[in-house]
Amino acid sequence: MKKILLIPTAALLLSSCGLYYKYERPDVNTQGLVRDIVSDGDTLQVNTDENFGNLPWREVFTDPQLQVLIEQALENNTDLRNAALNVKMMETALTCAKLAFLPSIAIAPQGTISQVQMDGASVSRTYQLPVSASWSVDLFGNLLSQKRSAQVKLLATKDYQVVVQTNIICGVANLYYTLMMLDEQLAIVTDMEQLTKDTWDMMQLQMQLGRARSTSVQTAEANYYSVQAKALDLKQQIREMENAMSLLLNEPGHQIARGKFYDQSLPTKFSAGVGIQLLSNRADVHAAEMALAECFYDTETARSRFYPNITVTGNAVFTNSLGSTIVNPGKWILSAVGSLTQPIFQHGQIVAGLKVAKAQQEQALNTFQNTILKAGNEVSNALVAYNTCDEKGRLDEKQVALYRQNVEDTKQLYTSKGSTYLEVIQAQNGLLNARISKVTDDFNKMQAVVNLYQALGGGAK
């Protein structure tokens, strides 16, 4: 009875000495992780229960055509498919790590036939049905730490799958809004193209009537060609964005159906959270922590190699060959062997392995801390971009209104001979640039919403 209790008692004593540590999150500094969008010296302190990143993507991106595109991308994207296959591979690796606790069993049947050529020929038939089992007794946590390492590696692989999913959702949304922004700018340029053509025609008429010089006509003509060139640039960008969207959908390049730029509706109130809880949805942050946990267990595995390796082997053979005699039916031959291997000198490999594992764990900790800082930085940038573009949009509206009035005023002055038509052209160019600038700032505001959603780990649901 004492012998039976020896092994579990030893295991209990060894575990109490600290051989079976479990990973615990290290202390990381998350104070002031996200800067306030207005005050340079303040940081955000808001309720994490209202985290914008917790919203399902269909509640953020409500355009029906955009939702269809996102669903197609999630179904067909090659990167996401490969990420799912990586998860399956890690699940298989974890299953293997769990099965390592069980004995390995092998069977190797053998049979021989021999004939002796003498006065009376005789034939002898012998057979063996050997079964062997070997079990490694994990007293020192080698198999346990390997299993735990495989578990956290599987979690990190699943996190990567979520990261790919989030990137696809937000990537499709950004391309979709980019296409609509380019459509809006092309419509503005097309309107301005007709306006500049009318101006050129008017200047030619004025020159025939002796009210304008050739230089004014040349300026109006050049302005018309300039607007045409802008239209060509926009058409090229639209085609390139459609091709990029098609690639995300894993389809050949084709035209993308889409709505109108100013028909879009995106959230306008955000709650960012604070500290490490702010990043609870960030799969890449969790993946970095799982990589740290994996290195922690790899260090435990390296440490366990300093301790003995205990193996119990059992053999059972059903055979009719018992030495020099052959009996029928056969008999069972049973044996069991226990072995203990204690490493003493391994050319420094075990010590070096532990040092390398500790260094890799320290690297993983540095990466984890840096990932948290980068995530907080992305949230800060998205918030300040949204706030800035929102304010610039209001200024753009005032600027567009002033340029519209300026165009009308300069036209009236020209009619009354109070100015040259060059001033009309300049006013028209100012209006064109102001309208394009407003669309750009409104798009940047949309993009800031998408980037904030992505920075907060949105799209996982």
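**Figure 1. Contacts across the whole chain.** Take the contacts (heavy atoms within 4.5 Å) between residues with a separation of 6 or more: residues 24 or more positions apart account for 81% of them in this protein. This is a predicted model, where local features need pLDDT of at least 70, side-chain atom pairs count only at pLDDT 80 or more, and totals for chains, interfaces and linings use all residues. Residues are numbered from 1 along each chain as its sequence is written, and side-chain values use heavy atoms, with hydrogens and water left out. The protein has 9 helices and 5 strands; both are DSSP runs numbered from the N terminus, helices being H or I with at least four residues and strands E with at least two. Along the sequence, the pattern reads α-α-α-α-β-β-β-α-α-α-β-β-α-α. Out of 461 residues, 38% count as buried. Here buried means under 20% relative accessible area, exposed means over 50%, and partly exposed is in between, with a 1.4 Å probe and protein chains only. The accessible surface of the protein is about 26,200 Å², and carbon and sulfur atoms hold 55% of it. Such areas come from the Shrake-Rupley method with a 1.4 Å probe, and for residues only the protein chains shown count as cover.

**Figure 2. The largest pocket and its lining.** Look for Y262, Q264, D442, K445 and M446: of the 18 lining residues, these lie nearest the centre of the largest pocket. Helix α8 gives the most, with 6 residues. The space inside the largest pocket is about 320 Å³. To find a pocket, a 1 Å grid is laid over the protein atoms alone; a pocket is an open set of points where a 1.4 Å probe fits, with protein on both sides within 12 Å along at least five of seven lines, and lining residues have an atom within 4 Å of a point. Grid points are joined across faces, edges and corners, and the volume is the space filled by probe spheres set on the points. Sort the lining by type and you get 8 nonpolar, 4 polar and 6 charged residues. In this sorting, Ala, Val, Leu, Ile, Met, Phe, Trp, Tyr, Cys and Pro are nonpolar, Asp, Glu, Lys and Arg are charged, and the others, Gly among them, are polar.

Figure 3. K445 sits in helix α9, while D390 belongs to helix α8. With 24% relative accessibility, K445 counts as partly exposed. Setting aside residues up to four places away in sequence, K445 touches Y386, C389 and D390. The C-alpha atoms of K445 and A385 are 7.0 Å apart, though 60 residues separate them along the chain. For D390 and M446, 56 residues apart along the chain, the C-alpha separation is 9.6 Å. The side chain of D390 also makes a polar contact of 3.0 Å with that of R394. A polar contact is a pair of N or O atoms within 3.5 Å; within protein, one must be able to donate a hydrogen and the other to accept it, and residues adjacent in sequence count only if both atoms are side-chain atoms.

**Figure 4. N223, tucked into helix α6.** You'll find N223 in α6 (residues 214-248). Its relative accessible area is 9%, so N223 counts as buried. Beyond its neighbours within four places in sequence, N223 is in contact with T196, I425, Q428 and N429. With N429 there is a side-chain polar contact of 3.2 Å.

**Figure 5. R258 and N250 in the loop between α6 and α7.** Both R258 and N250 are found in this loop. R258 is buried, because its relative accessible area is 19%. What about N250? At 40% relative accessible area, N250 is partly exposed. N250 has a positive phi of about 60° although it is not a glycine. Most residues other than glycine have a negative phi.

**Figure 6. L322 in strand β4.** L322 is located in β4 (residues 309-322). The relative accessible area of L322 is 32%, so L322 is partly exposed. Leaving out neighbours within four places in sequence, L322 contacts V327, K331 and I333.
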